[in-house]
Amino acid sequence: MSMKFKRLLPIPKEIREEMPLSADMAGKKADFDAQVADVLTGRDPRRLLIIGPCSADREDSVLEYVTRLAKLADRVRDRFVIIPRVYTNKPRTKGTGYKGLLHNPDPEGAPNLLEGVKAIRRMHLRVVEETGMFTADEMLYPSNYQYLIDLLGYIAVGARSVENQEHRLVASGVPMPVGMKNPTGGSTDVMLNSIYAAQQPQTFLFRNWEVETTGNPLAHAVLRGYIGEDGLNYPNYHYEYLERLASKYTEDNFAHPAAIIDCNHDNSGKRPLEQIRIMKEVLDSARRAPAIGRLVRGFMVESYLEDGNQPIDGGVFGKSITDACLGWEKTERLVLEIAERS
């Protein structure tokens, strides 16, 4: 029982200087951030669509996917602001298995965190520079977001992390929206407490510094379903749940109440084709109830080039090696159809 300190890694500033964002894209970031903020605050009637692979495992297939997505985003820009999922950290329920590009730049190779921090920066940077789309990632390790701080348009705090003090405090100081997922057990109060904490000014220790934050008014809810005490999946996107959440999650206690519906995970029982039905149902609920319409500001969808998933050594280009995803043809058809219905 011990901890071996293998090597000192470069600090995020050094990695950012080694692989800098171009001045042109840095200039466009402020405009994009303003668009996302306007959607979450309701000033812009469009919705967010955070979409892409369950895990971004290799540059070539992710770039192929986001290149297609950029063209699709342009076709539906009057209905959606689209942010590609480039998730490079993967939480593992039992702590074993593939943990994402950060840990395993080669999914079949041994962990290599030095190459990993460079790999995640390089992948996000290439997506931004080559497609013009700013990215989303999960804040699995709070100190690591700084490797990507100038590239990310959106951060998610996962169901296993949302109760953690450090995640909540760091979320209060990041310069982009943070989606706080409901925990795996489904507690609405835990999720709302996390949002409240992230919206408050905080003082804490971070990377050996005493830091102060302003609070993040764009921290908001992400509904991803949950696991019941019986071990079964339970959704939390139905009309009745959204109606109750809208009555509890109000401007009396929160800045800019907003919810993103995660259409996969426990909401779909990890059945990716169900994401199509879920999006349509939520839009129907939003039309029936103005309070739900104001609350629901967007969707998360797990999508890749090919339907389904495969083992790590499966070898199919653009097919997920973690959770099953919706393939590109179905994705394109869904986004265009939902844009017509919105």
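Strands S4 and S5 pair in the parallel sense over three bridges, where two strands are said to pair if DSSP finds at least two bridges between them, and where helices (H or I, at least four residues) and strands (E, at least two) are DSSP runs numbered from the N terminus. Within this pairing, Ala 156 stands opposite Gly 179 in S5. The model is a predicted one, in which local features need pLDDT of at least 70 and side-chain atom pairs count only at pLDDT 80 or more, while totals for chains, interfaces and linings use all residues. Residues are numbered from 1 along each chain as its sequence is written, and side-chain values use heavy atoms, with hydrogens and water left out.

Strand S5 (residues 178-181) is covered on both faces, with Val 178 and Met 180 buried on one side and Gly 179 and Lys 181 buried on the other; buried means under 20% relative accessible area, exposed means over 50%, and partly exposed lies in between, for a 1.4 Å probe and protein chains only. In a regular strand the side chains alternate between the two faces of the sheet.

S4 and S5 belong to an open sheet of eight strands, in the order S2-S1-S12-S11-S8-S5-S4-S3, with parallel pairing. Its edges are strand S2 (80-84) and strand S3 (135-138), each of which pairs on one side only. Neighbouring strands of this sheet are turned by 25 degrees against each other on average, direction ignored; here axes are lines fitted to C-alpha atoms, for helices over the stretch in contact, and angles run from 0 to 180 degrees between N-to-C directions. Elsewhere in the sheet, strand S8 (residues 220-223) and strand S11 (residues 259-262) run parallel and are joined by three bridges, and Leu 223 has Ile 261 as its bridge partner in S11.

Helices pack on this sheet, among them H4 (residues 113-131), which touches S2, S3 and strand S4 (152-157) and whose direction makes about 160 degrees with that of S3. Helix H9 (residues 274-288) also packs on the sheet, touching strand S1 (47-52), S11 and strand S12 (296-302), and its direction makes about 175 degrees with that of S12. A contact, in this sense, means heavy atoms within 4.5 Å.

The largest nonpolar core has 104 residues, and those with the most contacts inside it are Leu 49, Ile 82, Tyr 154, Ile 195 and Ile 261; such a core is a set of buried Ala, Val, Leu, Ile, Met, Phe, Trp, Tyr and Cys residues joined through side-chain atoms within 4.5 Å. In soluble globular proteins, nonpolar side chains tend to be buried together. Leaving aside neighbours within four places in sequence, Tyr 154 is in contact with residues including Ile 50, Ile 83, Ala 136, Met 176, Val 222, Ile 260 and Met 300.

Arg 85 sits in the loop between S2 and H4 and counts as buried, at 1% relative accessibility. A polar atom of the Arg 85 side chain lies 3.1 Å from the backbone oxygen of Pro 53. Beyond four places in sequence, the contacts of Arg 85 include Ile 50, Pro 53, Cys 54, Ala 136 and Glu 302.

His 238, in the loop between strand S10 (233-234) and helix H7 (239-248), is partly exposed, with a relative accessible area of 29%. A polar contact of 2.6 Å joins the side chains of His 238 and Glu 281; the term covers a pair of N or O atoms within 3.5 Å, of which, within protein, one must be able to donate a hydrogen and the other to accept it, and residues adjacent in sequence count only if both atoms are side-chain atoms.

Most residues other than glycine have a negative phi, and most peptide bonds are trans.
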